[in-house]
Amino acid sequence: MHTLHPANLLQPPFESQQTLPPLKKKIPINTFSTNPKSQISHLCSISSVSCSERTLLLNDWPQLVKISIGSGDLKLGQAVHAFLLKSGSQNDTFEANNLINLYAKFNRLDVAQKLFDGMLVRSAITWTSLIKGYLDDGDYESVLGIACDMYRSEEKFNEHTCSVILEACSLLEDRIFGEQIHAFAIKSGFENNVFVGTSLISMYFHSGCFREAENVFRGLAYKDVRCVNFMILEYNKAGESEMAFHVFVHLLSSDFEPNDYTFTNVISVCYENLGVEEGKQLHGLAVKFGVVREISVGNAIVTMYGKHGMSEEAERMFDAISERNLISWTALISGYVRSGHGGKAINGFLEFLDLGICCDSSCLATVIDGCSECSNLELGLQLHGFAIKHGYLSDVRLGTALVDIYAKGGDLKSARMLLDGFSCKYTAAFNAILSGFMEKIADDEEDVMVLFSQQRLAGMEPDPVTFSRLLSLSASQACLVRGRSLHAYSIKTGYAADVIVGNALITMYAKCGSIDGAFQIFKGISDRDIVSWNAMLSAYALHGLGKGALLLFEEMKREGFAPDDISILGVLQACIYSGLSEGGICLFNEIEQIYGLRPILEHFACMVDLLGRAGRLSEAMNLINSSPFSESPLLWRTLVSVSKLMANSKFSILASKRLLDLEPKDAGSFILVSNMYAGQGMLDEAAKVRTTMNDLRLSKEAGCSWIEIDSKLHHFVASGKDHPESEEIYAKLDLLNDEMKLKYEDRTHLHLVLEPI
């Protein structure tokens, strides 16, 4: 620190020395009380003033400094500084403290430091003002350095000084220095000061010392709303939603009146970690305490309802907000996207653009998600151009949303170009492109595992979602070798224990034919959720293990898991494939009575299949007619299939006619009916159906299958000859055909199998 002579104490801060115009001769008595800023030109042009004018300025200049800070007008403060220099005032410490605070508030720390260095007598206010300036500037190292200088100069710390220093320790996560200040606060008797206490709580929270923060909070004899709000916020950041809620309840029981900031924080806890019921109660309390119309509270409530998929409630709250901002619109649009209403999200976006509200990158990313939801790639392309025009492509979330919409729209080439354009390899962006691979079977040039390896080598770190999607791809392509490799890599990275990855592994092993592998993974998951049980039930169904599915279903209930629609569907399918009709029918009858679920369409389809396989086709038809889905083609298609399987021409024909009435332009339905007639030996009727289908110019996409041999996928399309070994394959099929002709007595069924589609 440098010591300057008193004459240099208040050096002028002006960037340039310009000649000031003369001041008007008379200053109204109420100059500073009515409109001080209107007189700035007078103050900036002091050349000669009367004694009364000088006295007025000498008395009111501190008020002008406050006005300068409050209005953000640095020139007014500089004018006051110039006046003090010219007036030769001797109240050095008081004046310098005000000026240091002024320049610190305007981030002119060079001037503030110069004033500080030139002071002969400093107070705690002097040091604290300068420290606060460096804190606001983000120079935390300087804050701690000046604090040490203050201590060495034997200047006493006050409560405000401790709070400012602790805030720097909090941001630096410097626990040791913070603990020293804590000890000093206790020694000085500041530990019960609510401002110091709040700063200590912040410091300990940011250092990860939750217990110490809680001890400070409990030890405060007096707590204000700001302190309680801070505890709620920090608990929320730490994921301790229940503790945050507990603090809020404590606030209410302690006769504190929560403010808008309180509700904004605690409502955000509900949409992050708690349930919608708690959110509704908080909504009611916000109404009771009269803060529901505050824009921050309204936005929090809209966000809460949106994240819980309650778009109508979010809409009503949005309509009640009188002054909506971009956050309000983004919250509503995000709620629409989460609820699957992509069209509404797009309409909301266009509406607020018409209102002249500027769109930021976060909002634009949400709208692009809405386009992806409703498969509107055309608008997505336009929004991509909009993002380029406004320079938003550097935003990671927006870039990820663009990758997602291109991938889901089938344009993997554009998605990969965007992915390759990221300076850093982001996991979320790679996960987004995986959704596109999941929609189609990629060829060798678009091998997802090659892309995965490239991204890993470039620094991308996979997460549970990455493994889940890659395993789903392996399952859909029945690539057991690839699935096992991913399993091994998930163990290496430590993600195999994650329940999301575990659930994907169950499905992968089941679909790749290893039911034992699926069961081992299931048993190894320590924190199973309902998805885990459903995955294992579906695995048993896929392998026709009905008894295993029923036993697992009972075990699931004993473990305290309530079955959902997927659980019921898995067991019903297992009963179909195992011929356990009575067990399936009994379960269907219990859906509403015992489990409180409303049967869905797929449940009825399973029941039609079960009853039909049990020879109870009449009951199956009655079930369709009495169900809420009597007009569903799925149910009639199922009845056609099961009637054909049971060789019952009466019900086959009745169901076929109803199916074609419901779907007169569906190629799959025509082919099913044609095959049914062929299976019954009614070849003329089958030909008529085919003729009608040809007249309507209906065609069905050729079936595709594949097999993995030596880690290479071989794709086959019905009647296709693109495979390099197609001649050998068809020769082998001819041999199998000859064997079937020797052993298969029913030539009609054989004709059906061999007939090209």
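Which residues in α29 meet which residues in α31? Let's work through this and a few more exercises together.

Before starting, note that this is a predicted model, in which local features need pLDDT of at least 70, side-chain atom pairs count only at pLDDT 80 or more, and totals for chains, interfaces and linings use all residues. Residues are numbered from 1 along each chain as its sequence is written, and side-chain values use heavy atoms, with hydrogens and water left out.

**Exercise 1. Describe the packing of α29 and α31.**

Step 1: Find the two helices, α29 at residues 499-511 and α31 at residues 530-542. Helices are DSSP runs of H or I with at least four residues, strands are runs of E with at least two, and both are numbered from the N terminus.

Step 2: Read the geometry. The angle is about 0° and the axes are 9 Å apart; axes are lines fitted to C-alpha atoms over the stretch in contact, and angles run from 0 to 180 degrees between N-to-C directions.

Step 3: Classify it. That angle makes α29 roughly parallel to α31 (under 35 degrees is roughly parallel, over 145 roughly antiparallel, 65 to 115 roughly perpendicular, the rest oblique).

Step 4: List the partners. V499, N503, I506, T507, A510 and K511 of α29 meet V531, S532, A535, M536, A539 and L542 of α31, where contact means heavy atoms within 4.5 Å.

**Exercise 2. Describe the packing of α18 and α19.**

Step 1: Helix α18 covers residues 311-320 and α19 covers residues 326-338; their angle is about 165°, with axes 9 Å apart.

Step 2: The two helices are therefore roughly antiparallel to each other.

Step 3: On the α18 side, S311, A314, E315 and F318 make the contact, and on the α19 side S328, W329, L332 and Y336 do.

**Exercise 3. Locate E154 and A647, and say whether each is buried or exposed.**

Step 1: E154 lies in the loop between α8 (140-152) and α9 (159-172). Its phi is positive, about 65°, although E154 is not a glycine.

Step 2: E154 is exposed, with a relative accessible area of 71% (buried is under 20%, exposed over 50%, partly exposed in between, with a 1.4 Å probe and protein chains only).

Step 3: A647 sits in the loop between α37 (633-645) and α38 (649-662). A647 has a positive phi near 55° and is exposed, at a relative accessible area of 54%.

**Exercise 4. Summarise the whole chain.**

Step 1: The protein chain has 42 helices and two strands.

Step 2: Of its 757 residues, 46% count as buried.
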